[in-house]
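Here are my notes on this model, point by point. Please keep the structure open while you read.

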Amino acid sequence: MRELYLEKPGDLKIRESGPATAPKDNEVKVKVIYGGICGSDLRVLRGTIPYATYPCRPGHEILGTVVEAGEKSPYQVGTKVASFPNTYCGKCEFCLQGRTNICANKKSFGVTCDGLFAQEIILDSEFVVPIPADLVDERAILVEPFAVNVHALKRTNISKGKSVAVIGCGTEGLLAIALLNHMGADITVLDINPIKMEKAKSFNKNIKAMYPADAKDQVFDVVVEAAGVKASIEQAFQLVKPGGALISLGITGDAINYPALRITRGEITIYGTIIYTKKDFVDAFALLQDPAFNVAPILSRIDPFAKYQEAFDDALTGNFAKIVLDFR
Ligand SMILES: NC(=O)c1ccc[n+]([C@@H]2O[C@H](COP(=O)([O-])OP(=O)(O)OC[C@H]3O[C@@H](n4cnc5c(N)ncnc54)[C@H](O)[C@@H]3O)[C@@H](O)[C@H]2O)c1
Ligand SMILES: [Zn+2]
Ligand SMILES: [Zn+2]
C-alpha cells in the first residue's frame, strides 16, 4: 500500500510501505476512500507548527470502509467510518467532565503523531465514528472541519435574525457561514481575498461581504473570528456590540492587544473554542444528512491520490476551499 510521507517540512512524498498490519483488540483496519486537506496539514508541510513532529505521515480528515476488525472492536467489516482525529485519555479531569476536546493528554493525528493519508490505516475504534448510511461520501468527508463549527456555534445562543460577522472565509469560516445561513442569522463576512468573499456570498445573496477596512464602523451581536491572524483578532474585538459575544476560533501564537476597556465596559463575552467532542460529530452528521443544509460551496474538488503535489500546491495558494484526495 502507498502513503504520503513528510521527512521534514516542505519534503512531501508518496511511498510504498507494505500492507498495514492486522488490527488487534479494539482496532480496525480502514481502507481509505477520501482524505480532506486541512489548513493544519498545510502548516505541518510549511513547518510553522512549533510542536509538530517529523518525520510523519500527514493528514487527519479521512473516511473509508472497515476491512478488518480486532475481536474487541464494536465495528463490523463493511462499516463506513470517519476518523476522529484528536485522541483523548478518558481519565483526566477534563475528560471526566465530558470535555474530551481539552484533554490534558490529547494527540492530533498528522501533527503530534502519524496521520492518516494512506490507502489503509489501523485506528483504535475509539477514534472512528460510523457514517450514517444515507450520507454521500462527498458530504461526509466534511464532518471533521464542520464539527469544529458545530461545537463553536453552540458556545453562544444564535437565533434567527441575529447579526453575526464571520472574519476569514477559509474552510472553517465558510463552514461557519453554512451553519449560520441554515440558522437564519443575518451574516456579514470579512476577508482580504475577493475569491473567498465570492464563495461566501454563493450561500445566500443576502450575505454581505467586505474587506476588513470597510467594516470599521459596524458592530454585530456575535463575531466569529476564523482567520487567526493578529489583525483579524484585534479587529474582532472592535466589531462586537456591547453585550455581545466573540467566538475565538482562529489560532495564532502572536501576541494580541487586549482591549480591556471595551471588553469590560461593554460586557463582551469571549468564548474560546477548540475542536469538538463525539457529540459534535453526531450533530454534524445529522446536519449533513439534511438535504436543506447547503454545503456545496465548500468542496472545491477531488483529486486522485497520485496528484497530491498539485492538490497541496493549489491548497497552499489560499484560493480554494476544501480539496480532497481520492485514495482508491
Ligand atoms: N479552534 C479550532 O478548533 C480550530 C480548528 C480548525 C482551524 N482553526 C483555526 O482557524 C483558522 C482558520 O482555519 P482555516 O483552515 O479556515 O484557514 P484558512 O487559511 O483556510 O482561512 C483563513 C482565511 O482568513 C483570511 N484572512 C487572512 N487575514 C485576514 C484578515 N486580516 N481579515 C480577514 N480575513 C483574513 C484568508 O484570506 C483566508 O480566507 C486558523 O487560524 C486555524 O488554525 C481552529
Ligand atoms: Zn481538519
Ligand atoms: Zn483526558
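1. Helices here are DSSP runs of H or I, at least four residues long, numbered from the N terminus. By that rule α1 covers residues 39-46. Directly after α1 comes G47, with a positive phi, near 85°. Bear in mind that this is a predicted model.

2. Stay with α1. Its buried residues are S40, D41, V44 and L45. They span an arc of only 145° around the axis, so they sit on the same side of α1. What do the buried residues of α1 pack against? Their partners are the strands β1 (2-6), β2 (12-16) and β3 (27-37), together with α10.

3. Next, α10, which runs over residues 308-317 and contains A315. Is A315 buried or exposed? A315 has 22 other C-beta atoms within 10 Å. The cut-off for buried is 20 or more, so A315 counts as buried. Leaving out residues up to four places away in sequence, A315 touches I37, L42, F320 and I323. H60 is 255 residues from A315 along the chain, and their C-alpha atoms are separated by 16 Å.

4. Now the domains. The protein chain is divided into domain 1 (2-145 + 276-326) and domain 2 (156-272). Their C-alpha centres lie 27 Å apart. Domain 1 puts 11 residues into the contact, and domain 2 puts in 13 residues. On the domain 1 side, the residues that touch domain 2 are 6 nonpolar, 4 polar and 1 charged.

5. Look at the nonpolar core. The largest one has 85 residues. Which of its residues touch the most other members? They are V143, V164, V166, A176, I177, V223 and V224. Both domain 1 and domain 2 give residues to this core, so it lies between them. Another core, of 6 residues, lies apart from it, and L45, A52, C56 and V111 are among its members. As background, nonpolar side chains tend to be buried together in soluble globular proteins.

6. Setting aside neighbours within four places in sequence, V166 is in contact with G173, A176, I177, I187, V189, V224 and A226. Two of these contacts, A176 and I177, are also listed with V166 among the core residues that touch the most other members.

7. On to the ligand. How many residues surround ligand 1? There are 28, and the closest are G39, G168, G170, E172 and G228. Two elements, α5 (171-183) and α7 (230-239), each give two or more residues to this shell. The largest share, 3 residues, comes from α5. By class, the shell has 14 nonpolar, 11 polar and 3 charged residues.

8. I195 counts as partly exposed, with 14 C-beta neighbours inside 10 Å. G318 is 123 residues away from I195 along the chain, yet their C-alpha atoms are separated by 9.4 Å.

How values were computed: Residues are numbered from 1 along each chain as its sequence is written. Chains are lettered from A and ligands numbered from 1 in the order in which they are written. This is a predicted model: local features need pLDDT of at least 70, side-chain atom pairs count only at pLDDT 80 or more; totals for chains, interfaces and linings use all residues. A residue is near a molecule or strand if its C-beta atom, placed from the backbone, lies within 6 Å of it. Ala, Val, Leu, Ile, Met, Phe, Trp, Tyr, Cys and Pro count as nonpolar, Asp, Glu, Lys and Arg as charged, and the others, Gly among them, as polar. A nonpolar core is a set of buried Ala, Val, Leu, Ile, Met, Phe, Trp, Tyr and Cys residues joined through C-beta atoms within 7 Å. A residue is buried if 20 or more other C-beta atoms lie within 10 Å of its own, exposed if 12 or fewer, and partly exposed in between; C-beta atoms are placed from the backbone. Domain bounds come from an automatic or database domain assignment. Two residues are in contact if their C-beta atoms, placed from the backbone, lie within 7 Å. The arc is that of the directions from the helix axis to the C-beta atoms.
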